[in-house]
Amino acid sequence: MADVVAEVDLLVQDGSLALAETGVPGGGAVKETKELRLSGDVNDRFLDGPACRRIAIVDFEPATGLPSSPPATFTPFTSNPRSGKYVADGDETSATNIAINAFGTVFQTVRMFEGRDALGRRVDWAFGSEQLLVVPRAGEWANAFYERATRSLQFFSFVGESGARVHTALSRDIVAHECGHALLDAVAPSLYDSSTPQSVAIHESVADLVAVIMALDSRRLREAVLARSDNVLAGANAFTAIAEEFGMARPGADGIARHALRELENDETLETLSGARPHILSTLLSAIFYDTLNVVFAKLFQEAKLPDANGVTPTPAAAANKALGTAQIVFRRFLLRGIDYLPPGELSFADVGRATLAADRAARPAASEVRENFSHQFVKRLVVATAQELESPQPQSLAVPPDQVSSLHDSDWAAYQYATRHRSTLGLPDGVSFTVLPRVDSTKVIGAKGDDGVAPIQRELIVKIAWNDTEDSTGTVGGMRVVPTGATVVLKWDTGECLALVRSDVTGVEHRRDRDRLLAQLEEDGALATHDGADVGESVGLRSDGDSGLRASHRLLHLAGWDG
Ligand SMILES: [Zn+2]
């Protein structure tokens, strides 16, 4: 059956300042027509809202806060009525246009994340139901966030310093960023209740990088960025211009510009950011990945400048465009597949490094300059002392006969047997109980298309085992703290061989000190609701009376003012 399609016009970038300045035709509110595509699910279709099975707009009248009727109507094509269009109206800030833009950008972000150039599988939302709600006009506030409890992305509006009203749902960066939080929560739900500052920061960093990938996904934006920056990504370039727009609209402690993409390029180290709160800390991890994007682009640009088979040398602009188009795909594979290999529990930046390197090696076993450079960044920025700390083994004792891979995926019993049998290899302490999470079946593209137009793929089984460590915590709360931890095993589906074993390491004294410090900061600022057996509502709380680990610490990332 043919794919079901909805046509939408999406803003290329909020305000499109960067495009206007480069003289790209149609500067101003530049839009691109995109086809939103539902594949392979006969029960899914586009509805008024916009809505589909997994994403739905829920709109409220700003003046009254009352629910409004679906702001955008699905207009079917006569030839194929399951496909059609969401038609925008002439007013850029109408309820219809805001809804279409938010829905379309969320839809495309999810599709990018799950595509064969990234995870290669459908994710299940962390809140346990099928549909992510998107509230494009959530009210008057300089803020936007993902919230698990309400299963939603919420986008607010506010009057910026210039006096103009800013609708956060119209900013592609902000929408992609918040959707990035929802997607990461689906893949690594334990990060939502982290007590380790680096764990909380990983969420912010990945969300920012998802926004970068979505910006790079726009051909028009890529062209504009390169034209403006003279075909260079590193240094002060057109991405800084995106950052300015992001910053202008981005809510912060003072209602304006705290956290912009420009921060993704910086010289911070773990030492310069010692004691920093999660938002700021996140820029260190983001910078490591952004540098990697620069390296990938620079290498591809050099190759693209060479004469082609007919001896024709491309113009620098054409070569740069081609290189960045490929670089963004290489980069999304590199980052997002690493995310899928993250062990459950609390995590450190080094764990992200380990998982990323393991995932890349699983898909591309040959030695890689990109991986080498990426490791070097972790050493240079004092996250690890040596690159060897980022290596993870591929113990073939974890391999299974090919005919047992499916049952390891399908059967909880088989999965528990497997984990029990391999306790010591997995690093599972004796006598500690554990959980095997639902296994993941993923099929990824692992190379360029061949002469036959077909790209090589690899199917993987990802098995995650979770257990708890405990530690004593200091501070006025004191007592015991549970530190969730775990391991990820990845097997090649066809052969059963072990592609990776990734184990997290957050029990070190420096991580314990950081957890104590985060708890003390929260107490000092009155941002901590002590657990009293009731729901902690909007606050960050403690997990339980006997555990000084944090609950819903993800909220630190959207409590405007706490983390500035
Ligand atoms: Zn965020």
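Q: Which residues does Gly 496 touch, not counting residues up to four places away in sequence?
A: In this predicted model, Gly 496 sits in the loop between strand 14 (480-492) and strand 15 (498-503). With a relative accessible area of 0%, Gly 496 is buried, and its C-alpha lies 9.1 Å from that of Glu 460, a residue 36 places away in sequence. Once residues up to four places away in sequence are set aside, those that Gly 496 touches are Ala 399, Val 400, Pro 402, Val 405 and Leu 491.

Q: Is Ser 205 buried or exposed, and with which residues is it in contact, leaving aside its neighbours within four places in sequence?
A: Ser 205 belongs to helix 4. The cut-off for a buried residue is a relative accessible area under 20%, and Ser 205, at 0%, therefore counts as buried. Leaving aside neighbours within four places in sequence, its contacts are Ser 282, Leu 285 and Ser 286.

Q: How many of the residues of helix 4 are buried?
A: Helix 4 covers residues 197-216, and its 20 residues reach 29 Å from the first C-alpha to the last, close to the 28 Å expected at 1.5 Å a residue. The helix is largely enclosed by the rest of the structure, because the number of its residues that are buried is 20 of the 20.

Q: At what angle do the axes of helix 4 and helix 7 cross?
A: The axes of helix 4 and helix 7 (residues 278-304) come within 7 Å, and the crossing of these helices is right-handed. The contact involves residues including Val 200, Ala 201, Ser 205, Asp 208 and Leu 209 of helix 4, and Leu 281, Ser 282, Leu 285 and Phe 289 of helix 7. Helix 4 and helix 7 are therefore oblique to each other, and the angle at which their axes cross is roughly 45°.

Q: Are helix 7 and helix 10 roughly parallel or roughly antiparallel to each other?
A: Helix 7 packs with helix 10 (residues 369-380) at an angle of about 150°, their axes being 10 Å apart, and passes it in a right-handed crossing. The contact draws on Leu 285, Ile 288, Phe 289 and Thr 292 among the residues of helix 7, and on Val 370, Asn 373, Phe 374 and Phe 378 among those of helix 10. Since angles over 145 degrees count as roughly antiparallel, helix 7 and helix 10 are therefore described as roughly antiparallel.

Q: Which residue just after helix 5 takes a positive phi?
A: Helix 5 spans residues 219-229, and its buried residues include Leu 221, Val 225 and Ser 229. Just after this helix, a positive phi of about 55° is taken by Asp 230.

Q: What is the relative accessible area of Leu 382?
A: Leu 382 is found in the loop between helix 10 and helix 11 (405-410), and its phi is near 65°, a positive value in a residue other than glycine. Leu 382 is partly exposed, with a relative accessible area of 41%.

Q: What is the relative accessible area of Arg 151?
A: Arg 151 lies in the loop between strand 7 (144-147) and strand 8 (152-155), and has a positive phi of about 55° although it is not a glycine. Arg 151 is partly exposed, its relative accessible area being 36%.

How values were computed: Residues are numbered from 1 along each chain as its sequence is written. This is a predicted model: local features need pLDDT of at least 70, side-chain atom pairs count only at pLDDT 80 or more; totals for chains, interfaces and linings use all residues. Side-chain values use heavy atoms; hydrogens and water are left out. Helices (H or I, at least four residues) and strands (E, at least two) are DSSP runs, numbered from the N terminus. The expected span of a helix is 1.5 Å times one less than its number of residues. Buried means under 20% relative accessible area, exposed over 50%, partly exposed in between (1.4 Å probe, protein chains only). Axes are lines fitted to C-alpha atoms, for helices over the stretch in contact, and angles run from 0 to 180 degrees between N-to-C directions. Angles under 35 degrees count as roughly parallel, over 145 as roughly antiparallel, 65 to 115 as roughly perpendicular and the rest as oblique. A crossing is left-handed if the near helix is turned anticlockwise from the far one by less than a right angle, and right-handed if clockwise. Contact means heavy atoms within 4.5 Å.
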